[in-house]
Amino acid sequence: MLKKCIKNAFIKLRRHNSSSSSLISRISQQKQSQSSSVGDCIQKVNHQSSHFRGKPSRMATKEEKSKKSVCIVGSGNWGSTIAKIVGHNALKLPHIDDRVLMYVYEEMVNGRKLTEIINETHENVKYLPGHKLPHNVVAVPDVIQAARDADIIIFVVPHQFVRTLAATLLGNIKPNAVGLSLIKGFDSAKGGGIDLISHIITRHLKIPCAVLMGANLANEVAEEKFCETTIGCKDSAIGPLLKDIIQTDYFRVTVVGDTDTVEVCGALKNIVACGAGFVDGLGLGDNTKAAVIRLGLMEMVKFVDVFYSSGKLSTFFESCGVADLVTTCYGGRNRRISEAFVKTGKTIRELEEEMLNGQKLQGPFTAEEVNYMLKSKDMENDFPLFTAIHRICTGQMPATEFINSIKMHPEHMTPKYDDIDPRKHDHHHHNSKL
Ligand SMILES: NC(=O)C1=CN([C@@H]2O[C@H](COP(=O)(O)OP(=O)(O)OC[C@H]3O[C@@H](n4cnc5c(N)ncnc54)[C@H](O)[C@@H]3O)[C@@H](O)[C@H]2O)C=CC1
Ligand SMILES: O=C(CO)COP(=O)(O)O
């Protein structure tokens, strides 16, 4: 069932992509009709932001014109949370423009446009209820209008929408803009591989793209509970700028250069979280769940080793690695839906619709994308946990078979004598330790 849905979604996406030029012209036409209301909002914020700093309203100075402007493409649970952080930071940072435009996929909520609700109440009542956004964050329903003047574009939409948005933005952003992707997931590449989302952004939009991943359940970050995150950025000139706009006293940022590993960790841990949810649904207890988390971690490490061989083991010890894996396997949406999947017998798609109020799951899609690659390389048996999770999500295997399918895991079959310190076999050395 889910497999069929995913297939249909890809077919639709391909059709959508092939008609991207007509989409752009449609959007430009829409833009003209929307521009007055959005323009009003933007002007209002320009006026308000000088007010925030106690400055009288006047023409922008040269210094103000050289400020970097930030746009957020996405406004879901995490998108809105990051808008809150970036909006507050923009007001404090002298080199960042006060105004932060946030692209909102327009929808009607209680008979009103979501963008209008956000711009009037400063709250994303659908995706982040109960948290006020700063007034300098402006919701914009047209992605081109939101991003065209931005120097820094933060991408934070569910990963299945990124290609369409990139096609829409092509040729409509500043050529020297910089991207930052907060998106956890992959895309299937032609010929049986996967694409990293940041690579898709770079290839389509011809801009560099850093990534941000970490143990960051959005609601907890929005409540300003302390946590850490990891930015993967290869350019030492851009890393500090991105850190400036993201870091707060409760949200601490580490910047590393191993960008691909950061992103792969963020995507793969969502698959493992589905496994943790199955364990909870089956009532198997904490030891079993810990085993699934550990085997999941080992498959994540192996995945990087096999497919991204320049990746560093140390990156797994950053927030994007073990920490994100743990938080998602205990508190995330992928875990919660997967538990319900086992307990109710409903499909993942049905549960997503019933339980998430428009929010999107990334784990089952990511498991599908990873399986597409493993299958094409005849490597499904090398990653039994990822493979089993994909088969369970798509109804090819009952969840009750989950643990059986990982009992013969390569981790249990391969001796690790290499790891034993040879000095421990040295009788003299051993005795001297006692
Ligand atoms: N929510 C969280 O706790 C965290 C999420 N992430 C990642 O951030 C990314 C975005 O997740 P969330 O902000 O939580 O989104 P979400 O799960 O709340 O997704 C809903 C968003 O998708 C938009 N949407 C629906 N249909 C669309 C379409 N056709 N085109 C474009 N947008 C459409 C909705 O308007 C809404 O903004 C995901 O990759 C997720 O894994 C990362 C860290 C934490
Ligand atoms: O990525 C997340 C936490 O870092 C959120 O995970 P879920 O999508 O499973 O809620």
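**Entry 1: ligand 1**

I began at Gly-79, where a polar backbone atom lies 3.1 Å from an oxygen atom of ligand 1. I count a polar contact as a pair of N or O atoms within 3.5 Å; within protein, one must be able to donate a hydrogen and the other to accept it, and residues adjacent in sequence count only if both atoms are side-chain atoms. The model I am reading is predicted: local features need pLDDT of at least 70, side-chain atom pairs count only at pLDDT 80 or more, and totals for chains, interfaces and linings use all residues. Residues are numbered from 1 along each chain as its sequence is written, chains are lettered from A and ligands numbered from 1 in the order in which they are written, and side-chain values use heavy atoms, with hydrogens and water left out.

Next I looked up Ala-218, where a backbone N or O atom is 2.8 Å from an oxygen atom of ligand 1. At Gln-362 a polar side-chain atom lies 2.8 Å from an oxygen atom of ligand 1. On its own, ligand 1 has 840 Å² of accessible area, and the protein covers 91% of this (Shrake-Rupley method, 1.4 Å probe; for residues, only the protein chains shown count as cover).

I then listed the shell, taking a residue as near if one of its heavy atoms lies within 4 Å. There are 23 residues around ligand 1, and Asn-77, Trp-78, Ala-218, Lys-360 and Gln-362 come nearest. Helix H4 (residues 77-92) gives the most to this shell, with three residues. Helices here are DSSP runs of H or I with at least four residues, strands are runs of E with at least two, and both are numbered from the N terminus.

**Entry 2: ligand 2**

Which residues are around ligand 2? I found Lys-184, Gly-214, Ala-215, Asn-216, Leu-217, Lys-269, Asp-324, Thr-328, Gly-332, Arg-333 and Asn-334. Helix H13 (319-331) and helix H14 (333-344) each supply at least two residues of this shell.

Two lysine side chains reach oxygen atoms of ligand 2 with an N or O atom: Lys-184 at 2.8 Å and Lys-269 at 2.6 Å. From Asn-216, a backbone N or O atom lies 3.0 Å from an oxygen atom of ligand 2. The protein buries 92% of the 310 Å² that ligand 2 exposes when taken alone.

**Entry 3: Lys-184**

I went back to Lys-184 and found it in the loop between strand S7 (178-181) and strand S8 (186-189). Is Lys-184 buried or exposed? I noted it as buried, with a relative accessible area of 16% (buried is under 20%, exposed over 50%, partly exposed in between; 1.4 Å probe, protein chains only).

The side chain of Lys-184 makes a polar contact of 2.9 Å with the side chain of Asp-324. A polar atom of the Lys-184 side chain also lies 3.0 Å from the backbone oxygen of Gly-214. Beyond its neighbours within four places in sequence, Lys-184 has contacts (heavy atoms within 4.5 Å) that include His-159, Met-213, Gly-266 and Gln-362.

**Entry 4: the whole chain**

I finished with the protein chain, which has 20 helices and twelve strands. Of its 434 residues, 54% count as buried. Its accessible surface comes to about 20,200 Å², and 53% of that belongs to carbon and sulfur atoms. Among contacts with a separation of 6 or more, 74% come from residues 24 or more positions apart.
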